[in-house]
Amino acid sequence: MSGHAVRPGEGLFDRISNLVRVILRVKDDLSDEEVEGLLRALPADTRRNIEALLNPRFRRESILFMKMIGRWVVEGEEAARDPRRRTILVPFNFPPEVIYVFRRGFPLTCEVLTTLGVSMLEGQGERYWDYAMGLGVPDFLCSSSTIELGSILSGCDFKPQALVQSAPGACDANSKIHELVSHLMEVPQFILEKPTEGGARGKELHRRYFRRFISQLEGFIGEELDEGHMREVLEAANAATDLYYDFYELHKASPCPVPNIFSLFTYGTRFTSWGRPDAVEMMRAMVERSRRRLEAGDYPAEREVARCVWLYIGYYFDFLGFFNWMEERGITYLNDVLSLCQPMRYDTSSKQSMLDGLAEAVFEYPMTRQMGADSMSALWVEDMSRFIRDMGANCAVYSGHHACKQTQSVIGQVRGEINRLTGVPVLCLSGDSWIRRMTPTSVLQEELTSFVDHVVSKKGKRGRRSEQEKTRQRQGG
Amino acid sequence: MMDLKKLASELPNRYVEEARERGTKIIGYACLATPREVFDAGGFFPYRIRGMSVTRTELADAWLSRFNCGFCRSCLQLALEGAYDFFDGLVETNGCDHLRGMFENWQYAHPRDFFHYIRVPHLTNQDSMDWFVEELELLKEALEKHFEVSITEEDLLAAMSLQGDIADKLRRVYESRWGDEVRVSGGEILALMTLEGSAPAEDFSRLLDEVLAEYPSRPPLKYRARLMLGGSATDEIELVSELESVGGAVVADSFCFGGRIFRGEEPLDGPPLRRLAHRYLYNLMCPRMFDDYARRKAFIDDLIERSRPDGVVLFHNKFCDLHGVENVKLRMDLEKQGVPVLTLEKEYGAAADIGRLKTRVQAFLERLGK
């Protein structure tokens, strides 16, 4: 379908909405035979990702996740139709609970919609990307936002009532495409800048920006924030946060009991549903599944060869060939910068404490925290080194999404520093995380295999040999 | 006229040599958001970092990736080769993601003793303005402390006054192309504008006096069409000259190495740093500023109205998100107004790209019926 103009009803959001309404009718658990039947009915692009999700190792959690996302999409669409409510398109580097604290506000997250389109629709997101290119948008923009926004630009898709732009200072590509859509589609935009200065002075300015931003949203949504509703939302966020840290701890066991794809589910949940009971249910389900696997010693490969922290993001156009393929070869995906989001508990004692907590959450949100800092490399190195040590990782991978000019500009330093501080080797890949045309799965798999076989495994053997030698020396041998 | 292009292509140039002999401290900066008056007031020589159309970037590529803009990679290459070792200090601004990366790698791989970061807001409102005033105060304090100098209000006012005179003179040369007869080429103007950032204020003022005395006696240039240029950081003098060689006289531009140097008037009252902060923040005309498109568009409309180009050529350097997206909206808006627009993506400094770009401009001139 790629290359066709987008016609009414063929927008990315509209197609996703139709699909998730079907998913919402699916049983909470499916037998292998039912999965087999379902997969036969799906077009090829969709089938590969749904097949990955419906793997028996985590099928129930996948269905729960898909239904959570399904309810989120449907409610966003319905909120947009309700004259009393406002559906606001937010970027991934913005906590959705900032909008959920408004009774009448509803956040739809741009990059999550792109990922849904890429992973669930036939033809993935290519036609919407191509549409944006046809308008003259440069091909080095970020597909994570340009695919969904390209669909909006076609004028044939669901249109949000406002946009939030929260990347000025942290990501030019994200900020500019949001600005363009706001201008061309005449959608109001609310801008929240994060000052690069990370100390008290920068945080104070950010709080002032945040108060101005909330006041603008109150005017637009037509609702003054209600302390009681804020508390309800933020306590639900706290419950999910508590489970997040239980979940985090489970990653430390080796072999890792957490399925690779749960990393994606973590930020899918964080970016869409934090502050809703759905997020609590999803986090709990992932914790329980991982605990059961830990207790049973389940691991899908003979042994865990590589414990790998992904320094930035992953690839989202082929779940089967990416998350599951790695897991079945003993390569554990120990989170990435997005799933290592380290949410904070909100102090819900007063309206002011909650507002300050929300401002802090925006300030420390993944990617904004690192790339929006004084130094793009310093916090990134610090955070990732800590996670590598904490998780007992033996390697790290940078996916090299080409549009990430900030990470691309400092990865040379970051690779060296991480290697120096933690001793783990870092593989730098290159590809578009949402568009398969740039680097196909097979190439990524070859590079990963080569890295694991020739660097990680050998390093592990060398390390073990050296330990044995030291032991022999200690024993006088 | 003296060979401005030659003078602008020297690194280091004669002004740097003279400053070194005098013992003047030279501070490197890259972005128009850096108020050079603060350096002038302290007796420094603020030198604006350029890529000098360098295309061999193997040293820089070890740090920045091939997905970063060529301008920043070229600047970093020169830094790592030692071409900017005459700097006594370096001042970073968060102009764009690439520029941040360039500075971060520069300071990591080839550090300067004095390094200061001016954090420029992306919005124009009272909170941002107050912040930027503080940032300029911090810059002043950092310079005073490290170099043991004192920068007084009187020094600042004198520097602002001198820069005001320079802007008046520069404007006279720049706007001389706005009549029917064009006597100074776009390439020469770009050379002059880049020299604004690579000569001490007094020297540049004297250079402008020479130019003003000389250009009116030159014969008018022959051209097929009048062009305005705009887009990403462009200090590629040869590129502009080559494009003019096919018959397009460049009569105006909105480059940060060009027309954007003429910042608006500063407020007449208030402490000097506040006046400077206002003037710089509200007149950057750079797509890094958000919620500010209307002001940028008005700036370009004004340039078009006064310089009367037959068409506008908008460039973006490969991987420049800011201008790459901005140019989409600008093209649409200008075309709606009936202004012919050509948008071109260029690889910074690449001589190999010039042939392709010339062909596109030739075709554009034909489209203009010229």
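This is a predicted model: local features need pLDDT of at least 70, side-chain atom pairs count only at pLDDT 80 or more; totals for chains, interfaces and linings use all residues.
1. Overall form of chain A. A compact globule of 477 residues would have a radius of gyration near 23 Å, and chain A, with 22 Å, agrees with that expectation. Along its principal axes, the C-alpha trace of chain A spans about 80 × 55 × 45 Å. Its secondary structure comes to 19 helices and eight strands.

2. Burial and contacts in chain A. Of the 477 residues in chain A, 57% are buried, where a residue is called buried if 20 or more other C-beta atoms lie within 10 Å of its own. If one takes the contacts in chain A between residues at least 6 apart in sequence, 78% of them join residues at least 24 apart.

3. An open sheet in chain A. Four strands of chain A form an open sheet with parallel pairing, and their order is β2-β1-β3-β4. The edges are β2 (105-109) and β4 (189-191) of chain A, each of which pairs on one side only. From one strand to the next, the twist averages 30°.

4. Strand β1 (residues 86-90) of chain A pairs in the parallel sense with strand β3 (residues 162-165) of chain A over two bridges, and I88(A) stands opposite A162(A) in β3(A). Helix α6 (residues 110-120) of chain A packs on the sheet, where it touches β1 and β2 of chain A, and its direction makes about 50° with that of β2(A).

5. A covered strand in chain B. How many residues of strand β7 (residues 311-317) of chain B are buried? Seven of its seven residues are, so that the strand is described as mostly covered. In a regular strand the side chains alternate between the two faces of the sheet. In β7(B) both faces are covered, with G311(B), V313(B), F315(B) and N317(B) buried on one side and V312(B), L314(B) and H316(B) buried on the other.

6. The neighbours of that strand. Strand β5 (residues 225-231) of chain B runs parallel to β7(B) and is joined to it by five bridges, and M228(B) has V312(B) as its bridge partner in β7(B). Strand β8 (residues 341-346) of chain B also runs parallel to β7(B), with six bridges between them, and V313(B) has L342(B) as its bridge partner in β8(B). From β7(B) the chain crosses to β8(B) through helix α13 (residues 321-336) of chain B, and this β-α-β crossover is right-handed.

7. A pair of helices in chain B. Two packed helices are described by the angle between their axes and the distance between the axes. For helix α7 (residues 153-174) and helix α11 (residues 272-282) of chain B, the angle is about 35° and the axes are 9 Å apart. The contact is made by E153(B), L156(B), L157(B) and M160(B) of α7(B), together with P272(B), L273(B) and L276(B) of α11(B). By class, the residues of this contact divide into six nonpolar, no polar and one charged.

8. The interface. Chain A brings 39 residues into contact with 39 residues of chain B. The elements that give two or more residues to the chain A side are α9 (172-185), α10 (200-221) and α18 (405-422) of chain A. The side of chain A that touches chain B has 17 nonpolar, 14 polar and eight charged residues.

Definitions and conventions
Residues are numbered from 1 along each chain as its sequence is written. Chains are lettered from A and ligands numbered from 1 in the order in which they are written. Two residues are in contact if their C-beta atoms, placed from the backbone, lie within 7 Å. Ala, Val, Leu, Ile, Met, Phe, Trp, Tyr, Cys and Pro count as nonpolar, Asp, Glu, Lys and Arg as charged, and the others, Gly among them, as polar. A residue is buried if 20 or more other C-beta atoms lie within 10 Å of its own, exposed if 12 or fewer, and partly exposed in between; C-beta atoms are placed from the backbone. Two strands pair if DSSP finds at least two bridges between them. A crossover is right-handed if, with the strands pointing away from the viewer, the path from the first strand over the helix to the second runs clockwise. The radius of gyration is taken over C-alpha atoms; the globule rule is 2.2 Å times the number of residues to the power 0.38. Axes are lines fitted to C-alpha atoms, for helices over the stretch in contact, and angles run from 0 to 180 degrees between N-to-C directions.
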